[in-house]
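Keep the structure open beside the text as you read.

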Amino acid sequence: MSSEDPGRPIIHPLIHPTQSVSPSALLDSLITVARRVSHHHNTSPIHRLILRNVSRCVSLLLAFLEQISAVHSPALLALADLFVSLQKLELAMRACARRGATLHTLMRSARVADDLRVSTRAIATALDVLLPSRASALEVHEEEAWELARLVADQSARASFSTDLSDRRVFDDAVTIIGGFERRVLPDEAVVRRVLDRLGIRSWADCDAEVSFLETQIGCAGSGEAELLSSLAGLMCYCRVVLFDRYECRKTMARRTDDNGVCAIEDLQCPISLELMLDPVTVSTGQTYDRASIKQWMRAGNLTCPVTGERLASTDLVPNLALKNLIRQFYPKSSKPNPNPNPNPISSRAASEAMRMTARHIVSKLAHGTGRRERDKAAYEARSLTKSSAYNCDSLIKAGSVPPLLNLLSEENAIAAVLHLSKQASGRTAISECGGLDPIIRSLNDNPTHHAAAIVFYMSSVEEYRKTIGETEGAITGLVELVRRGSLRARRNAIAALFGLIYFDGNRKRVIAAEAWKREDRIVNDTLAVLVRLAERAEGAEEMRRVASAGAVVVKIMCRASTSRCAKECCVSVLVAMCDNGGAKEVVGELVKMPSLMGALYGILTDGTARASKKARLLLGTLHGFRDRMGSSRETMVAVVRVQ
């Protein structure tokens, strides 16, 4: 509590009142916290009896506090201790009631009970200090209120905090199930359901909340605690996959903040670059972007909001200081947040075996499911698990999930799961060995999505697969068609896949023949990056000049006013590489016939990046040299004719 505002109530958890706090503010804050604590007794299935007794005790304390009419100095220290104790009680009770933390609370029930006991005993101690002073410390409306205080002190001192018998039984059942996983023994379904019912976990969403909470806790736990957490996560994951038929997509369930009000990672990423925003600014439509990304967007001539599509009323960028401070608080500049902070959360034998059993169940449902809903649910579970960790991917691959997933590529969940598997070396091998490239290419053409293009990109990281993909009918043409007609995300993935494929020499002519760069839109930078790579080789530069007249396309892009500085640098790089590798006489001869090129190059000299200016100067020298040589040749020809 600050001295500048002594009358402001203290309501934030774990605030320690200072000597400057006013007695009335301290009393108001005590009443506020006591009222919240008294309503927490029915919010948790664990320690119900303990929480009920604590809540009843605090309700009596609340009745006493509401009878206080004045607070004198001798009471301030005791009331401050009482306030801190009530806050600790509230935090402990909120932790018991947190969604997704039920199983975790059960397994650490002894520690939770001890926390509740210590805070409750502290209430008795604070009241024992107040009671002897009575009139000199507090003024109350009714003298009988002191009897309430004495009753609270006695109950707080004598309250029992032993674990409920029903809690001990379900604790023992959970330990038995985890021990069975360690011995590779499938758990008894009746026992598992008894545990879930006692914990109030009655749906797929409840299980998923438990898994999500446990996985977020593993990264900040010690080795022993992390092993327990991973075992519990393995148990809940098994229950979610095996025991519940219906699932709820996480996109519809996701909350923008967690229970502590911390922003989700998506809130801190720029919608344009999908990277952490280092300098967030807000545009006239209210959307927030990273300053560098939105300025590049505007320099390219775009005057609309990338997210809403609305026309910007102005180009003013207002710093979003609140979001910037939040990013600095949670993610220092030295490191960026990882959307998946626990890439391999499995760290216990029980969790490993539970994951293997879960993977086998998923594969069984994928291959032999009795209906579309059952197979789709299995595909969604595979998608969710493969996104969570590399260990989950490995377990599903070893269980044989790739062939049945490839048979379901027309379904979004299945192709997304294959995409996650293709990020792993073992997954790419499994896809290739079961002939998965052909159905992936068919999916690319029949149902073009960003998933299929991304799979091709990851597969193209293996040298031998580049040749196979390039020779597969419809692969490169399908990617090029996606570049032309797909969504922005699909186009970017298709460009990345093409970029990976041209590392194999034989694919360059195929990419050039498909004329992938004849698309003038927001992904022009990515397309030009492919052209730069193609023009680095003599055969690529020659084919670009001969087959597709890429030079004219590049010059046209470079001369547009909306083209960004980065794109113009790529354009100059392409033209320089074509001159060096595509036959200088032929390429330069075509370029000097384009009157707009010289002006664009001189513009880059004054307004371009240092690297772009250097390349523009080099290209200008080449063009001027060619013209001088051509002029000398003409003069020589004229002189010869005159002599003759």
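The largest nonpolar core has 89 residues, and M236, I469 and L479 touch the most other members. A nonpolar core here is a set of buried Ala, Val, Leu, Ile, Met, Phe, Trp, Tyr and Cys residues joined through side-chain atoms within 4.5 Å; buried means under 20% relative accessible area, with a 1.4 Å probe and protein chains only. Helix α10 (residues 223-243) gives the most to this core, with 11 residues. Helices are DSSP runs of H or I with at least four residues, strands are runs of E with at least two, and both are numbered from the N terminus. M236 is in contact with L103, L196, I201, C207, E210, V211 and L214, leaving aside residues up to four places away in sequence; contact means heavy atoms within 4.5 Å. A second, separate core of 47 residues includes L51, A78, L130 and A137.

A word on the source: this is a predicted model, where local features need pLDDT of at least 70 and side-chain atom pairs count only at pLDDT 80 or more, while totals for chains, interfaces and linings use all residues. Residues are numbered from 1 along each chain as its sequence is written, and side-chain values use heavy atoms, with hydrogens and water left out.

| Item | Value |
|---|---|
| Secondary structure | 32 helices and five strands |
| Buried residues | 48% of the 644 residues |
| Contacts between residues 24 or more positions apart | 71% of the contacts with a separation of 6 or more |

Next, look at helix α20 (residues 437-446), where L437, P439, I440, I441, S443 and L444 are buried. These buried residues pack against α17, α18, α19, α21, α22 and α23. In the pairing with α23, I441, L444 and N445 of α20 meet A475, G478, L479 and L482. By class, that contact has five nonpolar, two polar and no charged residues; Gly counts among the polar ones.

Finally, there is an open sheet of three strands in the order β4-β3-β5, with antiparallel pairing. Strands pair if DSSP finds at least two bridges between them. Both β4 (288-290) and β5 (318-319) stand at the edges with a single partner strand each, so one side of each is left without a neighbour in the sheet. Helix α12 (residues 291-299) packs on the sheet and touches β3, β4 and β5. Between β3 (residues 280-282) and β5 there are two bridges, and T282 has V318 as its bridge partner in β5.

Key. Buried means under 20% relative accessible area, exposed over 50%, partly exposed in between (1.4 Å probe, protein chains only). Axes are lines fitted to C-alpha atoms, for helices over the stretch in contact, and angles run from 0 to 180 degrees between N-to-C directions.
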